[in-house]
Amino acid sequence: MQIKEVQEKLKISSYTLRYYEKMGLIQPYRDENGYRNYNEEDIHKIERIMFLRDINVPIEDIKDILNNKVTFQDVLENHIEKVNTEIESLQYIKNMCEDLKEKNIPLLDQVIEDNQIGDKKVKKRDLKKVFGYFKKDQTVIIGIRVTVRDLFSFIPVVFFFAVIIGLFVGVGIPNMIISINKQLTNTLYIPIFKPSGFTVTISIILGFVLLELFTMIYDAKQNYIKFVDNHILICSYRYQNRFSILKSMILKKESKHNIKYTWDQLDKVEIKLFFENKSTGKSGIKTLYVPEFSFYFKDGFKYCVDAGISMEDSPKIAYQILRNKNIDIQASDEVIDFFEQDELKLYDFFENIYHKNGKNR
C-alpha cells in the first residue's frame, strides 16, 4: 500500500507518516524506485501510534512500547501522573485568575506592586503564567520592514565610501587634470582647482549626504503586512509613495499612513508554495522553499507578500493568528501540514517531501 492509500485509509497526513518514519517508529519497505510501500503490520503499527498520540503519550514512550522496552500499563501510569500535575497547575492558575477578576482592580499595576492576591503571597514565576492569559494578541510582520535603527546602521559604510569619494574629488581629480595639462598646449588648458583640505572636507560631506539619502530612499522600498490586535496594516511601495513611507518611518507614524483594514474586512487568505533557485557559491544552485501569502479583502483589494524573506517563525505565527481569527485559509495539504507541526524548520520540512536538493524520493 503506497503513501496516498495510507493517507486515505487512516485519515493521516503525508508529513505525519514521514515524521513517524524519521523518529524510527515505522520502517516501510521501499521498492526499487524508492517509493514507500506499507504492509498490514505497518498499518496496524500506525494505528497504535495514532491512538497513543491522541492521548498525548510522548514519542519516546511510544517508541519504548513498540520496542517492548516498557509495558503499556507502565507508560499509562507515568502519563497519568504527568497529566495530574498539569491539571493541578491549570487549576491553580484558574483559581488565581478568578481571584484577580473578583478584585476588579488595575491588574498589572496593583498586583505587581502588592505582589499578592487575597491573603496569599504570589511568586513572580506564577504571576508570569497568569499575566500570559491577559496578554493581547501577538503582533507579527511578514515581508520586508526597515526601521530607523536599520537606516542608521549603514552610516559607517556610507561614511567609508564618502571618504573615498571626497579624496577622489578633492585630490584625485585635480592631480589627474594637472597631469593632462602637462601634455596639452596652452590653448587646450583645462581649468583646475587646487587640492586642499577644505575641498576634501566639502566633498566628503556632500558625498555622505547624497549616499545616505540614496540609501534611505532605497530602504523605503518596503513591502510588509503587520497583524495587530484589532486591525491589519499594509505598507508597500507598490501602493504608496516612497518619500511618504520614509517620512512616516522617521516620524514613527507608520500606522497613520499605512493601508489599514479591520479583521472583519479580510475575506480569505491563500498560501502557496514556490520553488526559488539561488546560487550558493561553491555548492552551486540551491532550491529554496518560499511560501507566499495572498490576502483577499472584501472591498476587492488583493495584497501578496513573500513570506520567505520574513523571520523563520513569522509565517507560522501569522498562520496561527489567522486560524484563531477564524479566517478562511486556502492552501495545499502539504502547506497546512507544515504550519500545523513544530518539529521541522521550513526548508527541512519541504525538502523531506520534494527532495529538490537531493536524490531520494
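**View 1. The largest nonpolar core has 55 residues.** A nonpolar core here is a set of buried Ala, Val, Leu, Ile, Met, Phe, Trp, Tyr and Cys residues joined through side-chain atoms within 4.5 Å. Buried means under 20% relative accessible area, exposed means over 50%, and partly exposed is in between (1.4 Å probe, protein chains only). Look for I225, F227, L266, F293, F295, L322 and F350, the residues with the most contacts inside this core. Zoom in on F350: leaving aside neighbours within four places in sequence, it touches L273, Y289, E334, V335, F338 and H355 (contact means heavy atoms within 4.5 Å). Keep in mind that this is a predicted model, where local features need pLDDT of at least 70 and side-chain atom pairs count only at pLDDT 80 or more, while totals for chains, interfaces and linings use all residues. Residues are numbered from 1 along each chain as its sequence is written, and side-chain values use heavy atoms, with hydrogens and water left out.

**View 2. Helix 1 (residues 3–10) has I3, V6, Q7 and L10 buried.** These residues cover an arc of only 105 degrees around the axis, so they sit on the same side of helix 1. That arc is taken from the directions from the helix axis to the C-beta atoms. Helices (H or I, at least four residues) and strands (E, at least two) are DSSP runs, numbered from the N terminus. Just past helix 1, K11 takes a positive phi of about 55 degrees.

**View 3. E21, R30 and R36 link up in a network of salt bridges.** A salt bridge is a side-chain nitrogen of Lys or Arg within 4 Å of a carboxyl oxygen of Asp or Glu. In the E21–R30 pair, the closest N and O atoms are 3.6 Å apart; for R36 and E21, they are 2.6 Å apart. Because R36 lies in strand 2 (residues 36–37) and E21 in helix 2 (residues 14–22), their pair ties together parts that are 15 residues apart in sequence. R36 is buried, at 11% relative accessible area, whereas R30 is partly exposed at 32%.

**View 4. E270 and K272 meet in a salt bridge (3.8 Å, N to O).** E270 counts as buried at 17% relative accessibility, while K272 is partly exposed at 44%. The structure holds four salt bridges.
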